[in-house]
Amino acid sequence: MILTTAFLGILVFQLLFFHLISFPLLALQSEKERAQLKLEAFLAKMDTPIIPCNVTGVNCGSCKNVTDDGGTIESPHFPEPYDSNLNCLYTINAPYEKKIKLSFTEFKVEKCCDFITVFDELANLIQSSLNGSDTPMAVTSPSNQMTIKFTSNVDNITRLDPPAGPATRWQATYTFM
């Protein structure tokens, strides 16, 4: 009986010691490790060079005047008319915790068949079906990334109002806020 009582006493002591002393220390150490991992991930993101603007697609436009504050994107061959049958993506990346403001400075996009669509970093639609000759309002991203999709139809003829109007082309500036 004495041995059983001593054994149970030691067992209870070990359980109490683990739960009251060791377990909180392990939990605190685990929380500290998680915080360290978050800090390392944040620093890695900060050390990663940001490519402010990237254009993908065959014969697509360009990014120009790129600085730490923003730059310009434009249709292929700007200020000349853009080509037919284009499918272009312009991806703009702002520094961490900044937003992107996109403002069109010139806008002549074939009204019936060519479109500009603006997305956020998660491919959520911000602005769609931009075309014609009326300059759209400025667009601001909810995050630090914005993608602009530009498509032109198979035959790029000028169908702007009035007919035989200015050549089809567009240009936009972006700034980081």
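**Disulfides and the open sheet**

In this predicted model, a disulfide joins C112 and C113, with 2.2 Å between their sulfur atoms. The link of C112 and C113 is left-handed, at -90° about the S-S bond. C112 is partly exposed, with a relative accessible area of 38%. C113 is also partly exposed, and its relative accessible area is 23%.

With bonded cysteines counted along the chain, the disulfides follow the pattern 1-3, 2-4, 5-6.

C53 forms a disulfide with C63. Their sulfur atoms lie 1.9 Å apart. This link of C53 and C63 is left-handed, with -55° about the S-S bond. C53 belongs to strand β1 and C63 to strand β2 (residues 62–64), so the pair ties together parts that are 10 residues apart in sequence. The two partners fall into separate accessibility classes. C53 has 13% relative accessibility and counts as buried, because the cut-off for buried is under 20%. C63 has 23% relative accessibility and therefore counts as partly exposed.

Another disulfide connects C60 with C88, at an S to S distance of 2.1 Å. The link of C60 and C88 is left-handed, with -90° about the S-S bond. This pair links distant parts of the chain, 28 residues apart. C60 sits in the loop between β1 and β2, whereas C88 sits in strand β4. Both cysteines, C60 and C88, are buried.

Strands β1 and β4 also take part in a sheet. The sheet is open and has 5 strands. Their order is β1-β4-β9-β6-β7, and the pairing is antiparallel. Strands β1 (53–56) and β7 (125–130) form the edges, each pairing on one side only. On average, neighbouring strands of the sheet are turned by 10° against each other, direction ignored.

Within this sheet, strand β4 covers residues 87–93 and strand β9 covers residues 145–151. The two strands run antiparallel and are joined by 7 bridges.

Edge strand β1 carries C53, the partner of C63 in β2. Strand β4, which stands between β1 and β9 in the sheet order, carries C88, the partner of C60.

Definitions and conventions. Residues numbered from 1 in each chain as written. Predicted model: local features only at pLDDT ≥ 70, side-chain atom pairs only at ≥ 80, totals over all residues. Heavy atoms only, no water. Pairing = 2+ DSSP bridges. Helix = DSSP H or I, 4+ residues; strand = E, 2+ residues; numbered from the N terminus. Axes fitted to C-alpha atoms, helices over the stretch in contact; angles between N-to-C directions. Disulfide = S-S within 2.5 Å. Buried < 20%, exposed > 50% of the residue type's maximum accessible area, 1.4 Å probe, protein only.
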